[in-house]
Structure formats: C-alpha cells, structure tokens
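Please look through the model below with these numbered points beside you.

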Amino acid sequence: MEIRGALLLRKRQVLILFVLLGLSQARPESVTYSVAEETEIGSLVANLARDLGLGVEELSSREARVVFDDNEKHLHLDLLTGDLLINDKLDREELCDSTEPCVMHFQMVLENPLQFFQAELHIKDINDHSPTFLDNEIVIKISESTTIGTTFLMESAQDLDVGSNSLQNYTVSPNSHFYIKIQDSDDGKIYPELVLHRALDHEEEPELILTLVALDGGNPPRSGTTLVLIKVLDINDNAPEFPQRLYEVQILENAPVGSWIITVSAKDLDAGNYGKILYTFFHASEDIRKTFEINPVSGEVHLRSQLDFEVVQSYTINIQATDGGGLSEECTLLVKVIDTNDNPPEVIISSITKIIPENAAETLVALFSVRDQDAGENGRIICSIQDDLPFFLKPTFKNFFTLVSDKALDREERAEYNITITVTDMGTPRLKTEHNITVLVSDVNDNAPAFTQTSYTLWVRENNSPALHIGSVSATDTDAGANAQVTYSLLPPPDPHLPLASLVSINPDNGHLFALTSLDYEALRAFEFRVGAADRGSPALSSQALVRVLVEDANDNAPFVLYPLQNASAPCTELVPRAAEPGYLVTKVVAVDGDAGQNAWLSYQLLKATEPGLFGVWAHNGEVRTARLLSERDAPKQRLVVLVKDNGEPPLSASVTLHVLLVDGFSQPYLPPPEAEAA
C-alpha cells in the first residue's frame with residue numbers, strides 16, 4: 001500500500017473554516033487502503049495496528065476508533081485483533097458517482113494522549129452495472145438527399161461503472177445503410193455517431209428500425225440496447241442555427257420549482273415544416289432531466305425540482321434544436337448554482353465523558369467535530385461555550401475540538417454542570433446549532449468527618465442498668481456515597497489503667513454511647529476518653545472528639561458508726577458523775593457516709609432512752625449530753641439508742657446503743673456492764 005506524507009500546521013483559534021489545519025496530535029503520514037465495492041461485510045481490509053506500529057492492547061486502552069469525513073461507519077476496527085473490517089456494503093457509485101478514483105478519507109483517533117492518523121480508503125469498481133439508454137426508442141429523421149458519410153449524433157448510454165468497466169463500445173444491428181462511428185469527448189466519454197453508408201430513398205423505404213447496442217469493458221461484458229427508428233424525409237437543406245454555442249446562467253439554490261432560467265432560440269432559413277424548430281435536451285443524464293425541463297416549442301428552460309448546492313454546484317446541459325426536416329444544431333447551457341445559507345452547522349460527538357472526578361485537572365470531557373455543508377462565509381464557523389464555566393474548547397485536528405476542564409472541580413461546591421456547545425456560521429442570516437452536555441462531578445474523599453462539638457459531657461447516675469444509653473456523639477461528612485458514610489469507634493484512652501472497653505461501648509453506625517456495667521460513684525466519679533469518626537473513603541479520613549462521663553451519686557450507702565464500736569466483744573460503757581450539770585458531755589457518736597453531697601449529710605436523734613428526758617443528742621454533731629440534773633431516783637444504769645440518718649431520698653440510717661453508768665465519783669470501782677451482771 002502507498003504511504004504519502006503531508007505536513008500539518010498547528011492552529012489555536014476557535015474560529016475555523018471547514019478545512020481546518022491539523023494540530024500536533026496528528027501524525028503526518030497518510031495510509032492508503034483499497035477494497036473492491038460490494039465486498040462482504042466483515043471482510044478484512046488490513047491490520048491497522050500493524051500498519052501504524054501500535055500494539056493491540058494500546059488500541060483498546062486508548063479507545064481507538066475510526067472516524068470518516070462523512071461521519072458514516074464504513075469500516076469497523078476490531079480492538080481485540082487490530083483488524084480493519086468492512087462494516088457495510090460499499091457502493092462505489094453511490095459514494096462517489098462518476099468520480100475516479102473513489103477515495104474515502106478517514107482518521108483513526110486515539111485518546112490518552114489524543115492522537116490522529118490520516119488514512120484513505122480507495123473503493124475499486126466492479127462491473128455491477130449494465131449500460132442503459134434513457135430512451136427505449138431513438139427517433140432520427142434523415143433527409144433522403146443526405147450524402148453518404150454524413151454522421152448523426154446518437155443518444156449515448158449511461159453506465160455507472162468507471163474505468164475498464166465503463167462504457168467502451170457501440171454496435172448497430174446489421175443493415176445496408178448505416179454503421180456506427182465512436183467519438184471521444186473532452187470529458188472522457190464516448191458517443192455513438194450513426195454514419196450513412198448507402199443513400200436513402202424515401203419512396204423505397206420511408207422508415208428503418210435498427211438496434212443500437214452499448215457494451216462495457218467488464219469481464220464478462222455487460223450490454224444495453226435501444227431501438228433506433230429512422231424516418232426518411234424529403235429534402236431539407238438548412239439546419240437550425242443558435243446565435244451562440246455557450247449560454248451561462250446563475251441561479252440560487254433556493255429558487256422555487258418552476259422558476260424560469262433562460263430561453264434559448266435557434267433560427268432556420270427553411271420555410272414550412274422544415275423551418276419549425278423543436279428543442280430537446282441532448283446527451284442529458286437522468287439527474288438533469290429530473291432537475292430541468294425545456295419547452296420544446298419556445299425553448300424556455302424551467303426548474304423542475306429543488307436545487308441543492310451541497311450536492312451539485314453546476315450543471316452542463318446540451319440542448320438540441322431540430323427542424324421539421326430532421327436537421328439539428330446543438331448548444332451548451334452552463335447552469336451555476338449559487339449557495340445560500342440553508343444548512344445550520346452540525347456538532348458530531350465522537351466521545352463523551354459524562355462523569356469526571358472532582359480532583360482531576362484538565363480532564364477530557366468530549367471529543368467532537370463541527371461542519372457546515374454551505375460554502376464561503378456561509379460555511380465559516382465560530383465555536384464557543386458559556387464564559388462562566390470552568391471548561392474550555394481546544395481545537396485539535398482539522399475540524400475536531402476537545403472540551404476540557406481547566407481546573408480541578410469541587411463537588412461540594414457544584415455537583416453538576418450544563419455545558420452548551422454553540423456553533424454559528426457567518427452567513428446571512430446567521431444559523432447556529434446548540435448541543436447540550438451535562439457533566440456530573442463524582443466525589444473524591446477530600447473531606448474528613450466533623451463532629452458537631454469538640455467535646456461532649458455526659459451525666460450518668462450510679463447503679464445504672466447495664467447497656468444503658470448514656471448519650472450520643474454526631475459527626476457529618478460533606479462528601480457523598482461511601483465517602484460520606486461515617487463509622488464511630490472508641491480510641492485507646494491515654495490512661496492505660498482505665499478499663500474503657502468494659503465501661504462503655506459505641507454504636508459504629510449512629511454514635512450512640514452505652515454504659516456496659518453498673519457504675520459506682522464511690523469507686524469512679526468521672527472518666528474521659530476520645531471517640532473517632534472515620535468515613536469509608538479510600539484512603540479513609542477521620543477526626544476525634546473528647547467525651548467526659550460524670551457519675552452522679554445515688555443514696556446507696558447507709559451511715560456507718562465509727563464510735564462507739566458496735567462489733568467489740570464488750571460494749572463500751574460511759575461514766576457520768578451524778579453531780580454533772582445539765583449539758584454535761586457524756587460522749588459523742590461519730591459516723592460517716594460513703595455517699596456525697598446531701599446524701600452524706602448526717603443528723604442524729606435519740607431514739608430510745610431508759611430515762612426519757614435525762615439525756616439529749618445534738619442533731620448535727622452527735623454529742624450526747626445531760627439534759628437536767630441527776631437525782632438519786634435515776635437508775636444507775638442507763639441504755640440509750642441513737643439513730644444516725646443521712647439526707648438522701650429516700651434517707652438511709654443506722655443506730656447505735658450506748659451504755660451509761662451514773663456514779664457518785666470517778667474513784668468508785670468500775671461496775672461491770674449490765675450484760676456481765678445478768679450473767
């Protein structure tokens with residue numbers, strides 16, 4: 001295959017013409033392939049990976065694809081093998097009409113990095129069309145006085161094939177009057193001419209019917225036929241004459257059907273029927289006959305169907321003027337179609353990325369091409385997007401653009417962008433096309449969870465039930481999806497002796513804190529620890545908060561009497577002289593309470609006494625004093641029961657028994673306790 005180089009220049013403007021200059025991403029080499037038309041779908045054209053020196057894995061990883069200039073998918077690139085395959089039946093005549101060679105230009109596009117390879121597909125003609133005559137019968141009027149050797153132009157056959165498969169020869173059925181002579185034209189086509197070989201005689205044979213055969217050069221050759229009806233006329237010695245051989249007109253492509261184009265006129269010096277002229281199209285293709293019509297009497301040419309500059313820019317029409325005697329003259333009408341701005345620009349998306357990560361800078365969002373089928377200023381295009389978006393357009397190769405983000409995006413600031421690609425031509429009036437692209441910004445784990453408070457203080461009443469919910473911590477994450485799913489955990493305490501795992505637990509999903517055991521204020525009045533909140537991103541992000549747990553006291557300890565001792569082997573006996581004055585301090589009951597606050601506020605009262613009114617107990621300090629003077633009638637042995645009560649709710653209490661001996665003087669021998677006497 002043939003490789004030819006072409007130097008591509010770099011151009012960085014958004015304002016483009018239909019023919020754009022290639023950028024540095026395009027490789028200068030152009031690869032040429034050829035394939036016969038009508039080749040079966042799936043047939044191998046070539047191995048594109050090998051021809052371009054690329055690995056098969058590179059084709060897949062770089063999202064290789066084939067883009068034709070007409071945006072049709074004529075070829076398919078197998079990314080697994082690198083084979084370039086026929087994707088649809090290629091009809092050379094449909095794609096290129098009579099143009100030879102038939103060349104389809106395409107590019108191979110690679111991404112990451114963006115790279116273009118130019119290529120051409122030559123479609124070889126096969127002999128799949130027979131020559132055809134547009135008329136089933138050709139009528140030629142020939143004067144009997146016509147001299148031998150006179151030639152008569154014949155209507156040519158049409159053959160859509162090209163090259164050796166195109167029309168190559170004409171023959172005529174055997175007869176004694178005519179033979180066929182082949183004429184070459186400037187456009188490379190051949191036309192048959194009927195040559196008079198023997199003089200005609202109207203009286204002997206007024207009509208002749210011949211068969212004209214058109215042959216192509218295929219193998220085997222194809223053929224087409226038409227009947228030639230020759231009417232032998234009486235003598236007519238003046239042919240029509242046009243004042244000029246070439247007529248040129250211009251007409252807008254949007255001219256309405258039926259519009260008058262031109263009137264051609266020829267003159268014939270003969271009189272009567274020989275001077276009457278009929279106008280016809282000569283050597284006209286089917287397309288010309290469908291597009292234009294001529295009045296056979298007046299020579300007025302009118303538009304028969306709508307013109308389209310983008311399909312055909314000019315028509316060359318041969319007009320024949322024939323008089324009543326069969327003599328004719330030809331002229332040429334050149335109709336130039338003037339372009340109007342009737343085609344809006346087109347946006348053709350080759351690839352698009354609708355979701356991009358928020359932390360990626362200069363990310364390729366879309367690869368697209370623009371085109372306008374109009375010409376001149378009508379086909380010159382301006383391409384743009386909105387100014388207030390963090391994206392920009394970058395011209396690449398020919399009429400291709402890339403839409404790229406110009407900085408890293410922030411999903412938490414904006415999660416969606418609606419981008420409108422606007423292409424406007426420079427015609428009058430200007431036409432524009434808009435293409436909308438919605439880009440979603442995917443989340444990246446760039447935000448750590450944040451607690452609602454830096455520290456939390458929780459109060460728990462002691463003697464709580466296990467698994468009691470004592471409070472909650474809460475953290476939020478502004479990311480999305482798994483990046484925003486928060487998991488809570490207990491962090492190792494700074495004090496290694498604190499058994500945190502046996503004291504509290506945390507629900508990892510909602511941050512609820514639970515007391516695992518019953519807390520005892522008297523053993524542990526407060527403790528603190530840290531909790532962590534981590535998201536489920538990769539890598540995970542986390543934060544911490546301090547939690548203080550304060551244990552509230554409950555009235556769960558009764559007062560305890562330190563003095564007098566209640567567990568001694570013998571009770572303690574207090575001695576009081578009978579001469580004691582009122583208010584004499586007999587003893588003092590000493591008690592403590594393990595609780596705190598008002599639960600530990602103690603009060604004392606005399607619950608029982610042998611002699612009521614003889615002794616009294618001070619409520620706040622537990623002092624036992626005489627309330628009056630002692631008399632001889634007072635029993636020497638007194639037994640007192642003192643009640644010690646705290647201020648809790650409900651209050652708890654303890655009692656203590658005092659033994660008091662009334663003595664006349666401290667020199668008296670010690671009396672045994674009542675229990676000993678009883679013994």
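1. Strand β47 (residues 637-645) pairs with strand β48 (residues 653-663) in the antiparallel sense, over nine bridges. Strands here are DSSP runs of E with at least two residues, numbered from the N terminus, and two strands pair if DSSP finds at least two bridges between them. Lysine 637 has leucine 661 in β48 as its bridge partner.

2. This is a predicted model, in which local features need pLDDT of at least 70, side-chain atom pairs count only at pLDDT 80 or more, and totals for chains, interfaces and linings use all residues. Residues are numbered from 1 along each chain as its sequence is written, and side-chain values use heavy atoms, with hydrogens and water left out.

3. Strands β47 and β48 belong to an open sheet of four strands, in the order β41-β48-β47-β44, with mixed pairing. At the edges are β41 (573-577) and β44 (603-609), each of which pairs on one side only. From one strand to the next the twist averages 35°; axes are lines fitted to C-alpha atoms, and angles run from 0 to 180 degrees between N-to-C directions. Strands of a sheet pair through backbone hydrogen bonds, either parallel or antiparallel.

4. Another open sheet has three strands in the order β42-β46-β45, with antiparallel pairing. Its edge strands, β42 (585-588) and β45 (615-617), each pair on one side only. The twist in this sheet averages 20° from one strand to the next. Three bridges join β45 to β46 (residues 623-626), and valine 617 has valine 624 in β46 as its bridge partner.

5. Which residues does tyrosine 563 touch, leaving aside its neighbours within four places in sequence? Tyrosine 563 is in contact (heavy atoms within 4.5 Å) with Cys572, Glu574, Thr587, Lys588, Val589 and Val590. Its side chain also makes a polar contact with the side chain of glutamate 574, at 2.9 Å. A polar contact is a pair of N or O atoms within 3.5 Å; within protein, one must be able to donate a hydrogen and the other to accept it, and residues adjacent in sequence count only if both atoms are side-chain atoms.
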